[in-house]
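Here are my notes on the model, point by point. Please read them with the structure open.

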Amino acid sequence: MDTKSAFQNFISNISSEQYEQFIIRVQQVNRDIKRFGIRMVSDANGEPISTNARLLTGYSYGEFYDWDLYFENIYLSYFAESRYCRNNVEAFLDRQMECGFVARTLIQPRMRQHFKPFLAQIALLGCKQRGNYDWLIGKYYDRLKKYLDYWFYYCDFDKNGLCVWDSADHSGMDNQILRAGKLDTMAIEGVDLNCYLYRELLAMAAIADRLGQKEDQIEFQAHAQRLANLINSVFWDDEDGFYYDHNEKTDKYVLYRSIAGFLPIWAGIAPDGHAQRLIEKHLLNTEEFWLRYPVATWAKDQRGYYQQKQKDECNWMGPCWIPLNYLIFHGLIDYGYDDAAKELAYRTFHMVLNEADTREYYNAETGCGQGLNPFWGWSALAYFMPLEFELKYDPMKPDACILPIAVENLNIMF
């Protein structure tokens, strides 16, 4: 479908009042990013933390996180803004340890939590927008390889090819302790982690191709295929029709159904039969994940589920988080579930638009916002999910051309 027709479909599916509100909200998010989210970062002595001191964050308290940066930069790509892909990648890689370790936080490094597998995907996102890969040659390409090697050398104790999380906190799904363990457990081979690694290997293959590193490209692609095979052979439970995490130390499944179990459809590695059972039996099940405002991050019918945050936590035991909706939404499209993908895109859009401000995450039963307020990070992807659906556009694909869809369709510049 051409861009004009796709945009008209988007407009026809919402009211004129919602369209006006959508434009106002996007402009507000952009103002917040420019005012609060672009920061000059210095160390305790007042010296710049990197040569590119202007960095991007979605958090008012000024920390910089690993996977958040990927989703934040996807949002900025709608406005043809790519500089923070390079700036933030360099800032993290400049602090890499000799062994390859890169802390997943920048200001207060968490020294047992390696940067989640998104660094290469962030770099590739920026390179594709500018058509410039030269800044990676030598230093940063080599550091990306070392960072990826760290995952497979230091985070795979039984050497079966699958990596482990340090903990639920490391996974980014902060309080899914039942699934991913307490701090420093280092035991759970995560479905999510290994799907991220699969896509990271493909991103590295794409970068290696553009830099003329053909042997590396072939090895990254072969490693990705080996990992895909392992994900399907180790994590898939044929009786339940679900991908479960695996405890490396006990050699047992972690039999809790988390949103992490759907990521093989985002990665594009679930066989069609697996994907059908996973989606139809679990994802679209209104007693599990497909609540009034899908997708719940924890199945409603199992122990540990709750929606309302407690104290200062980030709750992943049921509430809806936009970046996971975004990943699953694209997986649904890829497996031919267009009706479900459209419903998810527009339900997510309306949920976020119905709140007075963009929020960090949402109650999947009521749609009420929770967490940081205002929030200008990854939740802003919700505003563009319907347009991505109509365009059948996925900026996460390693071979995707990156489209400035807000500039082209809304005439909004960042």
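**Notes on aromatic groups and helices**

1. One aromatic cluster is formed by Trp 67, Tyr 70, Phe 71, Phe 118, Trp 151, Trp 165, Tyr 196, Trp 266, Trp 316, Trp 321, Tyr 361 and Trp 378. Keep in mind that this is a predicted model.

2. Helix α3 covers residues 66-77. Among its buried residues are Trp 67, Tyr 70 and Phe 71, and these three also belong to the aromatic cluster. How many residues of α3 are buried? The count is 12 of the 12, so the helix is largely enclosed by the rest of the structure. The buried set includes charged side chains as well: Asp 66, Asp 68 and Glu 72 are in it. Asn 73 and Ser 77 are also buried.

3. The length of α3 holds no surprise. Its 12 residues reach 17 Å from the first C-alpha to the last. That is close to the 16 Å expected at 1.5 Å a residue.

4. Aromatic pairs are worth a separate look. The whole structure has 45 of them. One is formed by Tyr 19 and Phe 22, and it is tilted. Their ring centres are 6.0 Å apart, with 50 degrees between the planes. Both residues sit in helix α2 (residues 16-37), three residues apart, so about one helical turn separates them. An α-helix has 3.6 residues a turn, so residues three or four places apart point the same way.

5. Phe 22 is buried, with a relative accessible area of 0%.

6. A second pair joins Tyr 59 and Phe 375. This one is edge-to-face, at 5.4 Å centre to centre and 65 degrees between the planes. Tyr 59 lies in the loop between β2 (54-56) and α3, and Phe 375 in the loop between β10 (369-370) and α15 (385-391), so the pair ties together parts that are 316 residues apart in sequence. Both residues are buried.

7. Now the helix packing. The axes of α4 (residues 83-93) and α5 (residues 119-130) come within 8 Å and cross at roughly 145 degrees. The crossing is left-handed. From α4, the contact uses Arg 83, Cys 85, Val 89 and Leu 93. From α5, it uses Leu 119, Ile 122, Ala 123, Leu 125, Gly 126, Gln 129 and Arg 130. By class, the contact residues are seven nonpolar, two polar and two charged.

Definitions and conventions:
Residues numbered from 1 in each chain as written. Predicted model: local features only at pLDDT ≥ 70, side-chain atom pairs only at ≥ 80, totals over all residues. Heavy atoms only, no water. Axes fitted to C-alpha atoms, helices over the stretch in contact; angles between N-to-C directions. Helix = DSSP H or I, 4+ residues; strand = E, 2+ residues; numbered from the N terminus. Left-handed = near helix turned anticlockwise from the far one by under 90°. Contact = heavy atoms within 4.5 Å. Expected span 1.5 Å × (residues − 1). Buried < 20%, exposed > 50% of the residue type's maximum accessible area, 1.4 Å probe, protein only. Phe/Tyr/Trp six-rings, centres within 6.5 Å; stacked < 30°, edge-to-face > 60°.
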